Amino acid sequence: MDKSNHHLHKPVMIGEVKADGQFNVVYRTKEPIRANPWSPFIPGNESKQNA
């Protein structure tokens, strides 16, 4: 958890669905990825990008 804003940093996983509905992970990042707290695709977030 980021101490300054309480956002979580999480690993990224890419997987494929098996016939039984479970997942087979085919790639996983070595370290957690820092979240981007403001989506650049939502109007009104332009001023928050560098906050």
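Modeller: Before we talk charges, a convention: Lys and Arg count as positive and Asp and Glu as negative, while His and the chain ends are not counted. The place of a charge is NZ of Lys, CZ of Arg, CG of Asp or CD of Glu. This is a predicted model, in which local features need pLDDT of at least 70, side-chain atom pairs count only at pLDDT 80 or more, and totals for chains, interfaces and linings use all residues. Residues are numbered from 1 along each chain as its sequence is written, and side-chain values use heavy atoms, with hydrogens and water left out.

Colleague: Thanks! With that convention, how many positive and negative side chains does the protein chain have?

Modeller: There are 7 positive and 5 negative side chains, and the centres of the two sets lie 6 Å apart.

Colleague: What makes S1 and S2 a pair of strands?

Modeller: Strands are DSSP runs of E with at least two residues, helices are runs of H or I with at least four, and both are numbered from the N terminus. Two strands pair if DSSP finds at least two bridges between them. S1 (residues 13-17) and S2 (residues 23-28) have five bridges in the antiparallel sense, so they pass that test. Ile-14, for instance, stands opposite Tyr-27 in S2.

Colleague: And what lies between the two strands of the hairpin?

Modeller: Five residues separate S1 from S2, and Gly-21 in that turn has a positive phi of about 90 degrees. In total the protein chain has two strands and zero helices.

Colleague: Why is Glu-16 called partly exposed?

Modeller: Buried means under 20% relative accessible area and exposed over 50%, with partly exposed in between (1.4 Å probe, protein chains only). Glu-16 has 42% relative accessibility, so it counts as partly exposed. This residue is found in strand S1.

Colleague: Which residues does Glu-16 touch, leaving out those up to four places away in sequence?

Modeller: Gln-22, Phe-23, Asn-24 and Val-26, where contact means heavy atoms within 4.5 Å. With the same exclusion, Arg-28 in strand S2 touches Pro-11, Val-12 and Met-13.
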